[in-house]
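Hi,

Here is the structure I said I would pass on.

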Amino acid sequence: MIILLKCRFLSVGTYKCVGLSVPFPARRSSNSNVKLIHMLLLRPSSSTSLYLGSPFPQSIVILRPVNYQFHVSKGSRFLSTQAGRTRRKMGITNSNGEQTYDRTTEVKQFDDSKIGVKGLVDSGITSIPRFFVHPPETLPSVSPTPKSFSDVIPTVDLSGITSNRRIIIVDQIREASHELGFFQIINHGIPSGVLNRTIAAVKGFNEQPTEVKSWYYGRGMSRGVAFSTNFDLFQSKAASWRDTIQLRFGSVAPDYDSIPEICRKELIEWDQHITRLGETLMEILCEGLGLDAGKLKELMCLDERIAVAHYYPYCPQPDLTYGITSHTDPGALTVLVQNEIGGLQVKHGEDWVDVKPIAGALVINIGDLLQIISNDEYRSVEHRVLANPFPEARVSIASFFNPSRREDLYGPLPELVSAKKPALYRQFTFNEYLRRFFSKELDGKSLINYFKF
Ligand SMILES: O=C(O)CCC(=O)C(=O)O
Ligand SMILES: [Fe+2]
């Protein structure tokens with residue numbers, strides 16, 4: 001029995017398959033349109049056949065389909081064990097008789113491969129796997145952002161925040177939070193060196209060999225740390241082109257040893273910096289609503305932070321996918337640092353406006369919870385990130401401030417409800433809120449609408 005495999009996503013090494021050692025790559029494809037496709041001719045024993053743990057069935061050609069069961073390992077590292085099916089069974093035929101594909105299987109194989117989006121790029125792909133392709137009607141239009149919108153997102157200078165400039169700052173932040181839900185800040189007190197070091201550390205982690213990173217790859221947050229491609233990979237209709245380290249800070253600290261050492265110190269320090277800044281911003285936001293400056297702190301909105309460090313590598317087909325799809329952030333407030341690549345866009349009426357990278361600046365946006373608490377005085381606005389068309393990766397770290405008391409009731413603050421402006425949302429616990437958030441894919445404003453009267 002001879003099986004011919006075309007595999008794109010295996011790193012160089014010796015793969016041991018059903019008692020057979022195969023030097024890899026065996027030889028290159030002669031097809032010049034298909035780069036980095038390796039072909040192997042294998043002769044497994046007659047009772048078994050073989051499948052090399054490639055994340056993409058479409059890149060595998062099995063000349064003699066058979067039922068198969070396989071085990072593949074590289075050195076001592078386990079790669080994949082699965083009960084196989086014939087190729088014919090893997091495909092699904094639609095009503096027009098065309099072959100579609102088994103998306104769930106492909107997504108699972110990709111996730112099991114633990115290589116992430118960056119691993120795909122490193123393997124030399126020139127087209128993206130189809131489960132990353134978004135329906136054309138949901139893709140960004142190719143027309144550039146209108147020029148007049150290029151300065152829509154304001155930049156607020158925080159210098160003099162403890163002086164009599166404070167009322168100006170409160171006013172600027174109140175207006176931006178009411179109208180746009182987004183603004184940038186400069187002179188915020190976190191040195192540029194810290195911003196650059198944190199970004200460089202996250203970049204450094206993601207630019208290590210796939211084998212090093214795959215050790216960390218996984219979705220469980222029991223240790224307060226996870227590294228994976230798209231937290232909603234299994235819920236979303238189409239995946240997006242980014243890998244993310246997620247960290248939970250707060251009453252229960254993350255298991256520090258589980259944070260990759262290459263960015264551990266930087267991410268922990270980053271959380272300390274933005275917690276101090278978060279407190280200042282929350283005071284300003286409270287003052288803008290006419291509340292006691294400490295009101296949000298009292299509601300425990302400072303005590304739990306989720307940080308997501310995103311890595312958006314070069315995408316070979318950026319017009320077919322996203323870096324992150326349109327969504328609003330669920331928590332109270334988000335503080336984000338981004339490198340110089342750009343791609344973050346905010347919804348403004350029917351248009352999308354760019355949040356231009358400004359050296360040393362931080363991007364702040366209002367989350368759904370603060371829109372609800374403020375009874376719509378502040379707005380949580382949809383935003384998205386385009387897939388990165390540039391060779392240099394885009395890096396961003398978003399920190400979400402969430403309430404820590406998950407069984408307390410949240411809803412519009414009584415101070416902001418009146419006969420003229422009745423409560424627009426019902427009350428709920430943050431646990432109920434999070435359950436709702438994680439049960440669906442990242443999409444638009446559906447979370448906030450769910451709690452609306
Ligand atoms: O990477 C960015 O600029 C945005 C990330 C984001 O919106 C998020 O993580 O919620
Ligand atoms: Fe976001």
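**Two crossing helices**

Helices α4 and α7 are roughly perpendicular to each other (that label covers 65 to 115 degrees; under 35 is roughly parallel, over 145 roughly antiparallel and the rest oblique). Their axes come within 9 Å and cross at roughly 80°, with axes being lines fitted to C-alpha atoms over the stretch in contact and angles running from 0 to 180 degrees between N-to-C directions. α4 covers residues 166-179 and α7 residues 261-288; helices (H or I, at least four residues) and strands (E, at least two) are DSSP runs numbered from the N terminus. On the α4 side the contact uses I169, V170, I173, R174 and S177, and on the α7 side I284, L285, E287 and G288 (contact: C-beta atoms, placed from the backbone, within 7 Å). By class that gives five nonpolar, two polar and two charged residues, where Ala, Val, Leu, Ile, Met, Phe, Trp, Tyr, Cys and Pro are nonpolar, Asp, Glu, Lys and Arg charged, and the others, Gly among them, polar.

Before you go further: this is a predicted model, so local features need pLDDT of at least 70 and side-chain atom pairs pLDDT 80 or more, while totals for chains, interfaces and linings use all residues. Residues are numbered from 1 along each chain as its sequence is written, chains are lettered from A and ligands numbered from 1 in the order in which they are written.

Leaving aside neighbours within four places in sequence, V202 contacts I245, C263, A309, Y311, V395 and I397.

What surrounds ligand 1? The shell is V308, H310, I324, D329, L336, Q338, L344, H383, V385, S396 and A398, each with its C-beta atom within 6 Å. Strands β14, β16, β20 and β21 each give two or more of them. The shell splits into six nonpolar, four polar and one charged.

Lastly, β13. R248 sits in that strand and is partly exposed, with 18 other C-beta atoms within 10 Å (20 or more is buried, 12 or fewer exposed). V252, in the loop between β13 and α7, counts as exposed because it has 10 such neighbours.

Cheers

Technical notes: Two residues are in contact if their C-beta atoms, placed from the backbone, lie within 7 Å.
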